[in-house]
Amino acid sequence: MSPAQALAATATPRDGTLEVLRERGQREVFCGLTGIVWLHRKMQDAFFLVVGSRTCAHLLQSAAGVMIFAEPRFATAIIEERDLAGMADCHAELDRVVDRLLARRPEIRTLFLVGSCPSEVIKLDLANAAQRIGARHLKGENGASNSEGVRILAYSGSGIETTFTEGEDACLTTLVPEMAAEMPDAPLSLLMVGTLPDIVEDQFLRLFAELGITNVGVLPARRAGALPAVGPNTRYLLAQPFLGETARALEDRGAVRIDAPFPFGADGTAAWLSAAAATFGIDEMHLNRVIAPGRERAKRALERYRPALEGKRITFLPDSQLEIPLARFLATELGMIPVEVGTPYLHRAHLAADLARLPEGTRISEGQDVERQLDRVRADRPDLTVCGLGLANPLEAEGLSTKWSIELVFSPVHGFDQAGDLAELFARPLRRRDVLRI
Amino acid sequence: MQLAVWTYEGPPHVGAMRVATAMRGVHYLLHAPQGDTYADLLFTMIERRSARPPVTYTTFQARDLGKDTASLFQNAARDAVERFQPQALLVGASCTAELIQDDPAGLAANMNLPCPVIPLELPSYQRKENWGAAETFYQIVRHLADTSIRPAPREGRRPRVNLLGPAALGFRHRDDIREVRRILDLLGIDVHLVAPLGASPEDIRTIGAADFNIVLYPEIGDEAARWLDKTFAQPVIRTVPIGVGATRAFINEVAALAGVDPTLALDDPSSRMPWWSRSVDSTYLTGKRVFIFGDATHAVAAARIAHEELGFTVCGLGCYNREFARDVRIAAKEYGLEPLITDDHLTVEEAIAAAAPELVLGTQMERHIAKRLGVPCAVISSPVHVQDFPARFSPQMGFEGANVIFDTWVHPLVMGLEEHLLTMFRDDFEFSDAAGPSHLHGSAPAHGQAAAKPEPALAPAGDILVKEAAAPVAAGELGWTDEAERELRKIPFFVRGKAKRNTEKYAGEMGLAAITLETLYDAKAHYAR
């Protein structure tokens with residue numbers, strides 16, 4: 001039996017109907033601009049220029065934690081009173097800011113103009129601006145001191161359009177048209193999609209190589225020049241569950257999605273790799289040989305955490321869209337009991353494999369009315385609540401143990417060799433609760 | 001458009017949140033898109049508050065814009081009032097809602113809500129956080145103060161005072177209040193109310209019952225104090241008691257205004273800072289070059305302490321809040337300096353590098369700058385960081401505040417005796433030059449290793465040196481002879497940077513091609529104090 005089949009056999013089959021509690025109201029989530037915090041670490045020659053307000057700059061500063069970089073590869077062009085007076089001037093101002101920025105940072109190869117709530121509301125057309133400015137800088141005019149030129153792209157990370165990780169989705173979507181077209185007779189290629197820490201990405205690339213899948217690309221690429229090609233012979237495998245628009249753009253280019261659960265834990269990662277292997281016609285014996293060592297390591301690592309987590313009840317408040325696959329991992333691989341799994345958006349197709357493996361009776365909620373949701377948390381009293389930084393201390397003060405959801409986005413948690421680390425993130429708050437005598 | 005990387009102040013509605021969060025019984029309804037809730041974490045994480053800020057965000061989305069964001073606002077108002085039952089409701093807009101012009105004030109006024117509604121007009125594209133806090137506090141006082149309430153006749157009672165300005169997320173506000181209350185108690189003066197921190201709308205209603213006001217944080221409290229002076233004829237004490245001298249001046253002014261005896265408060269035996277500063281170990285502090293940057297009030301106070309109470313040389317002074325730049329300009333003139341008024345941290349970094357200070361007193365931004373430059377630093381002002389909310393009592397104001405300041409500023413420097421020993425043993429073969437300055441807690445890299453640590457993968461936290469890491473003096477770039485370079489290495493690390501810079505500057509001015517042993521000592525003579 002292949003790992004994928006093994007996993008499927010343990011899952012509770014559903015009758016196809018999925019009840020989802022949909023809510024609207026105050027959302028306690030970040031906007032899409034926050035994705036810049038990890039995207040700029042991943043794309044090492046890219047700069048992210050938010051065109052927005054002082055609030056945007058303040059958000060990035062607060063979300064990025066301490067100011068470790070004197071000049072990080074992101075900044076905010078803060079719209080001021082006089083910019084609101086005339087749109088023509090606003091564009092001229094933006095040109096001036098970009099020219100100065102590129103003159104100061106000649107190493108930049110991709111500049112993202114990132115739309116914000118204010119820029120969207122005043123209908124500042126950043127796509128247009130990107131074309132206008134890009135045409136100049138490609139030719140190396142206007143202080144562009146490099147011969148390679150700078151690619152200028154625009155996407156919106158505004159809160160009125162994007163929730164937290166949807167900012168990455170919007171960013172990657174703008175990269176898809178920039179990808180070269182695969183030759184029509186190109187062999188089948190694999191595209192891994194979604195930002196992963198370099199160390200995890202390299203682990204997966206090694207595994208694909210060992211499996212014998214040689215033609216592998218990664219989106220986003222670490223450098224502008226390394227953007228892979230795409231076409232009808234591309235099979236893409238999502239590493240992150242929040243990439244609905246990116247997937248659609250890839251499909252418009254002819255790429256085909258490999259359906260798989262997300263690569264969390266021993267079984268999730270095994271099933272994810274198996275799905276890729278099956279697509280590429282890799283022999284099952286070979287597959288098992290390649291993934292066995294990592295899978296065993298992951299299982300051993302998870303066994304250590306099972307006593308701490310088994311039978312514990314957990315609620316996820318909506319945050320990164322990682323909630324469903326993480327709840328799947330905790331339920332099927334560690335025996336935790338998901339009480340409510342909230343997600344900002346539920347992409348049923350991409351999450352089908354994980355949804356099918358959630359225990360029956362799990363309450364799934366989409367969207368948020370934070371006050372009502374907190375009422376439910378207080379009524380449910382789960383052992384652990386996964387929530388944002390604004391809510392964690394207040395819930396702890398009410399006697400409810402919490403896990404900051406942002407750590408799940410910023411830390412390496414995918415794949416075999418991070419399975420134990422991922423379990424540790426959930427076990428630590430419970431262990432701490434038990435060790436403190438204060 | 002202004003290009004900003006890191007900002008000293010948030011938008012004005014964050015200032016309003018600092019006031020609302022500081023108070024009791026107030027709720028703030030903020031017309032804002034999804035994402036503006038990030039501001040909650042400033043309070044729950046940095047200040048470790050155990051309750052969410054009393055703020056409801058209407059959370060409109062793009063699809064609401066063409067339809068009815070106004071009814072979204074009214075529904076949110078109704079729900080918030082029902083759930084939280086505030087004694088007063090603040091209503092306002094964040095930067096995006098300001099653009100869609102829904103008029104929160106008018107919408108709320110039409111709802112007949114069962115509590116007073118205080119509309120806030122905070123222009124996001126012109127103003128910043130401190131201004132927003134001051135304006136919010138002023139509006140609260142204006143709307144809620146009962147103008148018929150006046151102080152009771154003075155006979156047979158102690159004088160009463162209001163303490164104005166402390167707010168949530170303030171730099172040591174919590175502890176300053178406790179220390180100032182102690183001083184007032186020694187003076188025999190009662191505190192009528194502290195606001196906004198800890199005050200309820202009902203408390204604010206009675207604000208006129210105090211004899212006078214003390215503005216501890218002018219950035220937040222002065223606007224309201226001016227209105228109170230005009231409306232209630234409540235005199236205002238504006239001397240901020242940070243430092244021993246300022247505390248004495250504060251006590252004398254307050255005592256004179258209240259008609260009480262200042263002696264007991266002035267003779268407070270817990271005031272240790274003056275002796276700590278006069279004692280011989282502190283001799284080495286003389287003339288240390290300090291660069292000071294922060295909010296105007298804290299920067300000016302720090303400059304006075306540095307100059308008068310510690311014998312430092314102030315080599316740079318500035319503030320990020322233009323509204324109060326006047327005070328900084330006056331102070332800078334006193335020290336013969338060009339004031340640095342800017343909210344661009346790159347400009348501040350350049351100014352610090354150019355001034356080559358031995359100590360930086362600044363905000364968390366300057367702490368990072370100083371770390372990159374390998375200069376010791378102490379934090380004196382907002383913007384704040386989780387470290388600025390210590391568990392222990394740690395005020396800046398009053399005599400205890402001066403004690404705290406002495407410790408906080410002097411500890412990052414090399415101890416007097418330690419410096420003496422270092423000089424004595426600098427040629428000792430066991431004294432490893434590569435060890436680096438122990439007092440910098442490893443922030444300065446060992447000699448000869450440029451701190452070219454790789455940038456962290458996806459780790460947002462942690463203090464990691466990246467650009468322009470503390471440059472150890474590596475001689476040899478500017479035509480240093482071997483002999484001169486060897487001599488340079490014998491100079492203790494904490495003055496070596498200055499020696500190198502001075503020598504190179506001297507060599508440049510003299511038009512010398514190579515720096516010899518002679519040049520080194522000629523330069524030393526040239527720059528001798």
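Two strands count as paired if DSSP finds at least two bridges between them. By that rule, strand β13 (residues 359–362) of chain B pairs with β14(B), since three parallel bridges join the two. Welcome to a predicted model of two chains, A and B.

- β13(B) and β14(B) belong to an open, parallel sheet of five strands, in the order β12-β11-β10-β13-β14.
- At its edges are β12 (340–341) and β14 (377–379) of chain B, each of which pairs on one side only.

- Helix α18 (residues 398–410) of chain B is 13 residues long.
- From first C-alpha to last, α18(B) spans 18 Å, close to the 18 Å expected at 1.5 Å a residue.
- Because 10 of its 13 residues are buried, α18(B) is largely enclosed by the rest of the structure.
- Among these buried residues are Phe399(B), Ile405(B), Phe406(B) and Trp409(B), and Glu400(B) is also one of them.
- What do the buried residues of α18(B) pack against? Their partners in chain B are the helices α8 (173–187), α11 (244–258), α13 (273–278) and α14 (296–309), together with the strands β13 and β14.

**Chain B as a whole**

- Chain B contains 22 helices and 14 strands.
- It has 529 residues, of which 50% count as buried.
- Taking the contacts in chain B with a separation of 6 or more, 70% are between residues 24 or more positions apart.

**Where the two chains meet**

- On chain A, 62 residues are in contact with 58 residues of chain B.
- Several elements of chain A each supply at least two residues to this side, including α2 (36–42), α3 (54–63), β3 (74–78), α5 (87–104) and α16 (389–397).
- The most comes from α3(A), with eight residues.
- By class, this side of chain A has 36 nonpolar, 13 polar and 13 charged residues.
- Strand pairing also links the chains: β3(A) and strand β1 (residues 2–4) of chain B run antiparallel and share three bridges.
- Within that pairing, Ala77(A) has Leu3(B) as its bridge partner.

**Backbone details to check in the viewer**

- In general, most residues other than glycine have a negative phi, and most peptide bonds are trans.
- In chain A, a cis peptide bond with omega of about 0° joins Leu219(A) and Pro220(A). Pro220(A) sits in the loop between β7 (216–219) and β8 (234–238) of chain A.
- In chain B, a cis peptide bond joins Ala195(B) and Pro196(B), again with omega of about 0°. Pro196(B) is in the loop between β7 (190–195) and α9 (201–205) of chain B.
- Asp103(B) has a positive phi near 60°, and its place is the loop between α5 (95–100) and α6 (104–109) of chain B.
- Arg172(B), not a glycine either, has a positive phi of about 65° and lies in the loop between β6 (160–164) and α8 of chain B.
- Are these residues buried or exposed? Asp103(B) is partly exposed because it has 16 other C-beta atoms within 10 Å, whereas Arg172(B) is buried, with 26.

**Confidence in chain A**

- Chain A has a mean pLDDT of 91, and 92% of its residues reach 70 or more.
- One exception is the stretch of residues 3–13 of chain A, where the pLDDT is below 50; the model gives this stretch 16 contacts beyond near neighbours in sequence.
- In residues 141–146 of chain A the pLDDT stays under 50, and the model has 15 contacts for them beyond four places in sequence.
- Where pLDDT is low, the predicted coordinates should not be read in detail.

Definitions and conventions:
Residues are numbered from 1 along each chain as its sequence is written. Chains are lettered from A and ligands numbered from 1 in the order in which they are written. This is a predicted model: local features need pLDDT of at least 70, side-chain atom pairs count only at pLDDT 80 or more; totals for chains, interfaces and linings use all residues. Two residues are in contact if their C-beta atoms, placed from the backbone, lie within 7 Å. Helices (H or I, at least four residues) and strands (E, at least two) are DSSP runs, numbered from the N terminus. Ala, Val, Leu, Ile, Met, Phe, Trp, Tyr, Cys and Pro count as nonpolar, Asp, Glu, Lys and Arg as charged, and the others, Gly among them, as polar. pLDDT is the predictor's confidence in each residue, from 0 to 100. The expected span of a helix is 1.5 Å times one less than its number of residues. A residue is buried if 20 or more other C-beta atoms lie within 10 Å of its own, exposed if 12 or fewer, and partly exposed in between; C-beta atoms are placed from the backbone.
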